[in-house]
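Please load the model in your viewer and keep the selection panel at hand.

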Amino acid sequence: MTTVAIAGAGPVGLTAALVLARRGVEVTVLEQGAGLAGESRASTFHPPTLEMLRDLGVVDTLLGKGLVASTFQYRERGGDPVATLDLGVLAGDTDFPYRVQCEQSKLTPILLDALPDSVRVRFGHTVDGVETGSHGVRVSTSRGPVRCDWLIGADGAHSAVRGGVGAEFEGSTYPERFLVASVDEQLDAALPGIAPINYVFDPDEWLVLLRTPDHWRVLLPTPADTADDLELRCLPERLARVADLGRSWRIAHASLYHVHERVAPRFRYGRVLLMGDAAHVNNPLGGLGMNSGIHDAVRMGSALADVLAGAPDEVLEQAVRQRRRVAVDHVQRTSRANWTRLRTHDAEYRRDLRELAADPAAARAYLRRACLMDSLESTA
């Protein structure tokens, strides 16, 4: 028997474990993999997330492994920047007026190392069933049952915990897949003035260029119904159209995936909580998914710790309601707007961006929302 079991040892699950363990709560983490996932996946950390990781004692290690990005750009395909936004205008709002570019696979070992010895992390434990009752939860796993007072589902978009409590995952799938290529290139010479983060307008083939510590990452839209091997064979030609290097780009890794926008009806089912991708998913434009998931873990984990310490149940209820509203009203709305704007020829929007970049007060208001700072100030 453990007080809280957490399904999933990704950034969200391990953050929740650290939040609870620092409050003296007994925690067991159940991870289906044999070890921590090594895929790059999310790679942008926003200012409020950095503040949370500072409070958990891990931000300095993360900063040592990542790249500080003080600016990001909107650009025209094959042309000059439309606008460069400087996160320095947030200096009065946060100790971290920048984004940090670092793959999530570099954060999870940091979180794992920060967990106290009292936290049990069980790899190779695949959750395959959940039974809830008034006095606790029984979790069926590939290595036998685990009993707990509370269960947190942080086990991703295909969450077994969400399925185990019978929660729907309503929403939609985008009409195109996203192709992400990590490349062993230095793009600064080929694209002079490029920022660490770049959103490139084009109604036919928009794209995103992101710098990470190990690679440049290129994200391209791809038809939903073509064969994967065909699209991967066409990738070198598509990259050559992004920038002509006089040779083929060096591709370290490439993957294709469908993109969904979905949310569970509730984030709490009795003594079961859903967080991160288990509760809500969105497109990756703007880097909001992992960040909002970490915010789920901190806010809902802290509220659960309060209830376990004697606070009224309404404290947790309020946190759960607030996090779902953020997922719908901030995360999904903003990420979909980012996708829509990249695909259009909207001259007025481009003019607005130029004016925004030139106006520190307007830029600050825009960036507070883009970086999820305002979402944390919402009330239930």
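A salt bridge here is a side-chain nitrogen of Lys or Arg within 4 Å of a carboxyl oxygen of Asp or Glu. The model is predicted, with local features needing pLDDT of at least 70 and side-chain atom pairs counting only at pLDDT 80 or more, while totals for chains, interfaces and linings use all residues. Residues are numbered from 1 along each chain as its sequence is written, and side-chain values use heavy atoms, with hydrogens and water left out.

**Salt bridges**

The structure holds 31 salt bridges. Select arginine 77 and glutamate 205, whose closest N and O atoms are 2.9 Å apart in a salt bridge. Because arginine 77 sits in the loop between strands E5 (71-76) and E6 (81-86) and glutamate 205 in the loop between strands E14 (197-201) and E15 (207-211), the pair ties together parts that are 128 residues apart in sequence; helices (H or I, at least four residues) and strands (E, at least two) are DSSP runs, numbered from the N terminus. Glutamate 205 is buried, with a relative accessible area of 12%, whereas arginine 77 is partly exposed at 21%; buried means under 20% relative accessible area, exposed over 50%, and partly exposed in between (1.4 Å probe, protein chains only).

Next, select glutamate 237 and arginine 241, which meet in a salt bridge of 3.4 Å, N to O. The two are four residues apart in helix H6 (residues 228-242), and are therefore separated by about one helical turn. Glutamate 237 is exposed at 52%, and arginine 241 is partly exposed at 45%.

Then move to arginine 364 and aspartate 93, whose side chains meet in a salt bridge (2.7 Å, N to O). This pair links distant parts of the chain, 271 residues apart, with arginine 364 in helix H10 (residues 360-370) and aspartate 93 in the loop between E6 and strand E7 (99-101).

**A loop contact**

Select glycine 35, in the loop between strand E2 (27-31) and strand E3 (44-45). Its C-alpha atom is separated by 6.0 Å from that of phenylalanine 123, 88 residues apart along the chain.

Cysteine 371 is in no disulfide, the nearest cysteine sulfur, that of cysteine 102, being 17 Å away. Cysteine 371 is buried, with a relative accessible area of 0%.

Definitions and conventions:
Disulfide = S-S within 2.5 Å.
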